[in-house]
Structures are given as C-alpha cells and as structure tokens.
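Open the structure in your viewer and keep the selection tool at hand. This tour goes one stop at a time.

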Amino acid sequence: MSDLLKKPFGTHGKVHEITPQSAGWRYVGFSLYHLRAGERAAELTGDREVMLVMVEGKAQIWGVGQDWGVLGARMSVFEKTPPHCLYLPNDTDWAAVAETDCVIALCTAPGKGGHAARRIGPEGITLTERGKGVNTRYINNIAMENEDYCDSLLVTEVFTPPGHWSSYPSHRHDEDDYPRITYLEETYYHRLNPASGFGIQRVYTDDGQLDETMAVKDGDVVCVPRGHHPCGAPHGFEMYYLNVMAGPLRKWRFVAAPEVEWILERDG
C-alpha cells in the first residue's frame, strides 16, 4: 500500500492522526474523531491553529474558555449543506460532547496568534459549481484565500458527482515561487456514497520520481507532499473530500501538468 494512503485505524474515537512528523513534512496536520452520542473529546492546540469541522452530526463545543453551543446540522455529509466550523488559535484548548453520533475533523497548521476564535458557517458558505462537463464538481469554501480567518490554513469541501473528475486538470503547488506557484502541503479526507464504493486518486510528479495511483475507500486520507493530484469518481459512486492545505504563504497558486495545460486554457 502506498505511504501516501492513510487508512483509519479504527471505527470509533480518534480514527486518524496525521502530523507533520508522521507525514514527513512541515505544515499540515489532520485528525478525525468518530463519537457516539454522549461521548467527549478534548485537546490542546499547542503551537498549532485548528479548524474544527463538523463533518456529520452535532456536538456541544467549548474552546478558548467559551461555550460555542451546539454545532452541526447535517446528519450525512452528502446532504451537501454548508458545514458548521470553529476556528481556534494556537495556545488554547477545546472540548466536544457529542449530541448525536458525529464525525469531527481537525485541520491544523502552524499558528501565529494572528486571528481570534470564531464560528465559521453555515452562514456565508455557499455551494458553488466549478468546472465543465464531467469535470463539474461542487465546492463549499470554508477558509480559502479570500477568507481572512486563519494564519496558515486553507480548508475546503468538494463534492464530485458519479463519473466525474475532480482536482482536475491535474495541477501542483509544490514550489515556493510566488506569484507563479506556492508551496502547499495537502491532505484529502475522502468519503464515498454509497459507502461501499471507491474512488481513484493519482499523485505524480513531472519527472516520474513520484507516481502513485490509489483506490480510496470511504474514510481514507491521502497525503499530497508534492506533485499533481487528480481524483476520479467511478459511475455509481459520489465522492466527497475535505481538503486541508498549508505552507509558508497562505496563497493558493498552482501550475498545471504539461499534458493538461490545453484543457485549462480552453475551460478556464
């Protein structure tokens, strides 16, 4: 199995924990909790900022010494309604008690103390169409470059219809050469509908030194340290993924793969 493909290490409690140390990079972290109603989770943020995303279900959330109330509304991520999220700066803590069975994602990156804790969504997040033809997919931007919520994090959700491609045309953001391109590490947390399905993700560099093609199943995470990283959803299976990106500069600038530049120029 590819080192880039991370399988959940359980079905209950914390099922993913990807750190810069475990991934072999510098910026992005990703963790995931599956909680049953009444169960609790709590962590310190340390030197990292955290975007807490209620993927599914509801939970009472505390953070930065404040009760943020019950966050979450959608019971299935494939309802495609905007997520409820909470941004937490570094050097604080948080706790959650599940009101229903729930899935909570923790997206992390180096914190600089530049932003205060705040709720994000569902207000202000609108499902947006992107792409053309079988490259059409639908985006919930949580904290991308236009939203000045974070020090380092870029976070978004993507829904890819059955038979469509996503993160395509193939592109990379693995050099620190702004404004041409920015260095951003990235994780993909995948979900499939039906859950018995599968998707495809390829991660490859122009020189071929990295070229991995992975079958992703419901709940898998793919780490993208460098290179191009398109996804495909086979006919009959809808694909969701939660993207986390971070690097030295909070800007998303990419370069298309040479073989698909013409598609990007044609489709915009």
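Which residues does threonine 128 touch, not counting those up to four places away in sequence? Select threonine 128 and look: the answer is Arg137, Tyr138 and Ile139. Keep in mind that this is a predicted model.

Stay on threonine 128. This residue belongs to strand β12, residues 128–130.

Threonine 128 and isoleucine 139 are 11 residues apart in sequence, yet their C-alpha atoms are 5.1 Å apart in space.

Next, select threonine 126. Its backbone oxygen lies 3.0 Å from a polar atom of the threonine 128 side chain.

Move on to the largest pocket. Its volume is about 400 Å³. Select Arg130, Arg137, Ser167, His171 and Trp252: of the 30 lining residues, these are the closest to the centre of the pocket. Then colour β13 (137–143), β14 (154–160), β19 (185–193), β24 (238–246) and α2 (261–267), the elements that give two or more residues to this lining. By class, the lining of the largest pocket has 13 nonpolar, 12 polar and 5 charged residues.

Last stop: the second largest pocket, with a volume of about 250 Å³. Select Glu43, Leu44, Thr45, Arg48 and Thr108, which lie nearest its centre among 19 lining residues. Elements that each supply at least two residues of this lining include β2 (13–18), α1 (20–23) and β10 (102–110). The lining of the second largest pocket divides into 7 nonpolar, 7 polar and 5 charged residues.

Technical notes. Residues numbered from 1 in each chain as written. Predicted model: local features only at pLDDT ≥ 70, side-chain atom pairs only at ≥ 80, totals over all residues. Heavy atoms only, no water. Helix = DSSP H or I, 4+ residues; strand = E, 2+ residues; numbered from the N terminus. Contact = heavy atoms within 4.5 Å. Polar contact = N/O pair within 3.5 Å; in protein donor to acceptor, adjacent residues only side chain to side chain. 1 Å grid on protein atoms, 1.4 Å probe; cavity = no way out; pocket = protein on both sides within 12 Å on 5 of 7 lines; lining within 4 Å. Points joined across faces, edges and corners; volume = space filled by probe spheres on them. Nonpolar A, V, L, I, M, F, W, Y, C, P; charged D, E, K, R; others polar.
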